[in-house]
Amino acid sequence: MFDVPKIAPMPAARVLIDGPSELVFDYAIPDGLPVQPGCRVRVPLRNKNATGTVLAVASDDATADLGFALRPLHSLTDPEPLITPKLLELAHWIANYYGASIESVIRVLVPEAVRTEDNSAKTRKAVVLESPPDEETLAQLAKRAPKQHTIITLLTHAPEHKLPLTDLGTAAGTSVKSLEKKGLVKLIDQEVRRDPEADGTDEILPTTDLKLSDEQQAALTAILASSEVGTTAPGRPPAEPENGPRISESASPTPAKGRTPPLPTSHAAGTPIKSGLATAAQRPILLHGVTGSGKTEVYLQAARKVLESGRTVLVLVPEISLTPQTVRRFRARFADIQDQVAVLHSNLSQGERFDEWHRIRKGKARIVIGARSAVFAPLPDLGLILVDEEHENSYKQDQIPRYHGRDVAVLRGHLEGATVVLGTATPSLESWQNTIDGKYQLLRLTQRADGQSLPLIRVIDMRLESKKQKSKDTFLSERLRSAITDRLEKNEQTILFLNRRGFARSLQCPACGHVCQCPHCALALTYHRTDDRLICHICGHQAVVPRKCPECRDPAIVLQGFGTQKVEDVFRKVFPAARIARIDADALRKKNALRDLLNAFRARKIDVLIGTQMIAKGLHFPNVTLVGILNADIGLHVPDFRAGERVFQLLTQVAGRAGRGSLEGEVIVQTFTPHSPSIQFARHHDFDGFAEQELEMRRQFYFPPFTRCAVLTSRSTHERRAEFTLETLHRRLKEDLPPGIELGEPLPSPLVKAHGQFRFQLMLRGPKARTLTKHVQQVLAKTSLPEDVTVVFDMDALSF
Ligand code: ADP
Ligand code: ZN
């Protein structure tokens with residue numbers, strides 16, 4: 001006979017241990033300890049101590065028939081849960097959707113600085129007046145202890161009768177002690193904020209609300225109507241922010257690994273959300289406003305109203321370092337509540353991050369501006385999420401977990417009942433399609449706020465230029481040259497964009513502009529030097545490299561592209577007197593280098609600024625009247641179905657940089673394919689026309705937004721092993737492939753070798769993201785990978 005020992009029932013917690021191994025264990029909760037999901041705890045682990053995050057809590061009877069006693073956890077690191085139930089739910093959703101571990105998601109939710117206990121708040125000694133002394137005592141002090149008298153006088157007039165000890169003079173310590181003995185003052189520990197902006201050099205002048213145009217007012221009204229529903233209608237049917245996130249697919253907690261008995265949880269994160277019909281007021285809002293239409297002004301006024309209603313505001317920008325103007329405008333408008341504004345960026349020290357994070361969580365900072373990961377800012381009572389430049393690729397994280405900040409924002413807004421506004425001059429086609437399907441609400445600003453018309457865009461046919469100049473790789477047209485000369489004479493400024501080359505190189509004929517394309521996918525074929533072939537990166541179609549242009553028979557067909565250095569050299573020769581500066585990746589790596597350069601440009605110490613598309617983002621220079629795009633084609637002929645969309649976005653954003661002051665702007669676009677739709681629609685400022693035609697192509701060739709698309713990549717220093725691994729995975733993925741999934745061929749990546757590693761990749765497409773992720777994860781789980789091969793799965797991939 002074997003007796004199951006009777007265990008006294010007690011509540012238990014399922015804990016995810018910090019660290020890369022994804023350990024999950026159950027612990028008993030000691031009597032009276034208020035452990036909730038989302039709490040951070042100290043636990044025993046084998047014969048050591050560890051810290052972890054509580055994923056779920058089970059009630060008393062759950063442990064009753066386990067048959068053994070759970071080890072109790074030690075203590076809570078913080079008295080309250082650091083992760084709210086909503087954010088925990090969001091974390092589970094992200095883990096499931098992107099095929100990432102829950103630990104990797106919790107890691108971005110609770111940043112390293114907050115997990116590490118020795119970053120805890122910095123304090124300093126302060127002196128408080130306990131009871132104001134009567135006249136007699138005062139008079140005595142004045143006579144016998146003038147120092148103590150001074151301290152009392154200072155405290156009497158100090159705000160809250162409180163002063164830092166250090167403000168009372170160097171030798172105040174003993175005097176304070178004596179006063180404390182007399183019961184007149186008290187010495188306390190006061191928390192101080194490590195203010196990341198404390199040494200900020202730029203002075204910010206407060207601004208007030210502008211009078212809105214009719215369009216702006218209509219947009220503001222719609223946003224506020226939507227956010228009011230969020231506060232007054234509990235239990236409203238959830239909207240379905242269908243883009244990346246398909247929230248009707250429920251998030252269930254990751255199955256526990258390690259020595260974990262089955263544990264029925266009373267508070268499992270990831271309650272299934274049923275999709276419901278969304279009414280107008282609850283849907284995410286796409287604010288499509290042409291560049292300079294005053295979107296930011298609308299954000300500012302909406303944010304103010306939401307703050308006044310007692311809720312908090314989250315503002316996401318594509319990249320803090322490139323959006324100084326947006327950040328400045330928020331700080332200036334909320335100058336009256338400066339201490340409630342938190343700016344999260346990657347340059348914060350651990351201590352600063354710790355302080356900012358807790359200020360946000362405690363509701364002291366009620367407006368948070370930050371890049372991608374700020375989408376997890378622990379704001380309580382979130383009322384409004386603004387995603388500026390929602391189309392930007394930098395919202396997608398390129399490390400695990402590979403989430404899309406915009407899509408996570410949409411889901412978070414949904415979970416928390418907050419209004420989500422996606423703002424842009426060039427909506428992503430995913431968001432645009434959502435407005436067509438009625439899932440997002442569309443608001444538009446069609447006019448520039450300053451009444452200026454959009455700048456004139458001239459398209460220069462470089463095929464004619466290369467004939468005129470008898471050169472294969474000319475990149476300065478006569479038109480652009482004379483336009484720059486003209487600006488130099490008038491003392492106006494010029495920005496020149498050099499489209500980043502990217503990795504893929506396509507073949508283009510300089511005589512007729514023909515680009516070698518895949519007959520099946522309508523995308524540019526990529527040249528592979530190793531075997532001198534053209535390959536389609538979607539379907540694997542291969543072609544020999546033509547020695548003459550297949551279209552016009554010209555033998556001059558060449559690989560596209562030239563380097564930034566070469567461009568700068570040529571420009572210096574052509575314009576010897578001009579002050580020319582170049583922004584490149586190196587400039588961005590150095591702290592403050594970018595800011596200094598942009599400040600010099602703003603101060604008109606630079607005439608011509610050369611840069612890649614990174615400087616197209618949100619910059620505003622009133623004296624820039626000419627913008628040139630040197631090689632509009634480069635981005636167009638990459639093996640990426642979003643190529644056309646990117647070029648359209650780039651041209652539109654870039655054009656928005658010209659003529660933003662009182663001077664009129666001009667844009668010159670140099671291209672070998674002047675009739676390309678992206679270029680023509682951008683030239684006519686016609687987003688709708690572009691979207692219609694581009695969506696037709698996407699539908700026809702089965703690309704997003706009409707399907708979900710993921711990329712599986714293998715990497716290794718051993719080329720054969722990387723290739724073999726991906727081939728094996730491909731074979732296994734093919735076995736019992738769920739219906740509706742289209743599996744691409746394993747191929748060398750467009751960037752075949754990077755950081756010493758060879759890369760191979762395959763694309764998967766299907767109607768449901770979760771089905772793709774699940775299938776890949778199941779195959780990965782039963783495939784043992786060679787040690788020196790890394791496999792990366794990227795759901796909703798943006799780069800190929
Ligand atoms: P966007 O964010 O759409 O690019 P901005 O908000 O930067 O546009 O506005 C462009 C310019 O127009 C800014 O200088 C801004 O101060 C100004 N502006 C915006 N709204 C108004 C308004 N209602 N009246 C006057 N000027 C405005
Ligand atoms: Zn193809």
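Two strands pair if DSSP finds at least two bridges between them. Helices (H or I, at least four residues) and strands (E, at least two) are DSSP runs, numbered from the N terminus.

## About the model

This is a predicted model, in which local features need pLDDT of at least 70, side-chain atom pairs count only at pLDDT 80 or more, and totals for chains, interfaces and linings use all residues. Residues are numbered from 1 along each chain as its sequence is written, while chains are lettered from A and ligands numbered from 1 in the order in which they are written.

## The parallel sheet

Let's start with the sheet. It is open and has seven strands with parallel pairing, in the order E11-E12-E10-E13-E14-E9-E15. Strand E11 (341-344) and strand E15 (441-445) are the edges; each has a single partner strand, so one side of each has no neighbour in the sheet. On average, neighbouring strands are turned by 15° against each other, direction ignored.

Within this sheet, strand E13 (residues 382-388) and strand E14 (residues 419-424) pair in the parallel sense over five bridges. Leu 386 stands opposite Val 421 in E14. Helix H11 (residues 405-416) lies across E13, E14 and strand E10 (312-316), and runs at about 165° to E13; angles run from 0 to 180 degrees between N-to-C directions, with axes as lines fitted to C-alpha atoms, for helices over the stretch in contact.

## A closer look at Asp 388

Asp 388 belongs to strand E13. Is this residue buried or exposed? Asp 388 is buried, with 22 other C-beta atoms within 10 Å; the cut-offs are 20 or more for buried, 12 or fewer for exposed, and partly exposed in between, with C-beta atoms placed from the backbone.

Leaving aside neighbours within four places in sequence, the contacts of Asp 388 are Val 315, Leu 316, Val 317, Thr 326 and Gly 423, a contact being two C-beta atoms, placed from the backbone, within 7 Å. From C-alpha to C-alpha, Asp 388 and Thr 323 are 9.9 Å apart in space and 65 residues apart in sequence.
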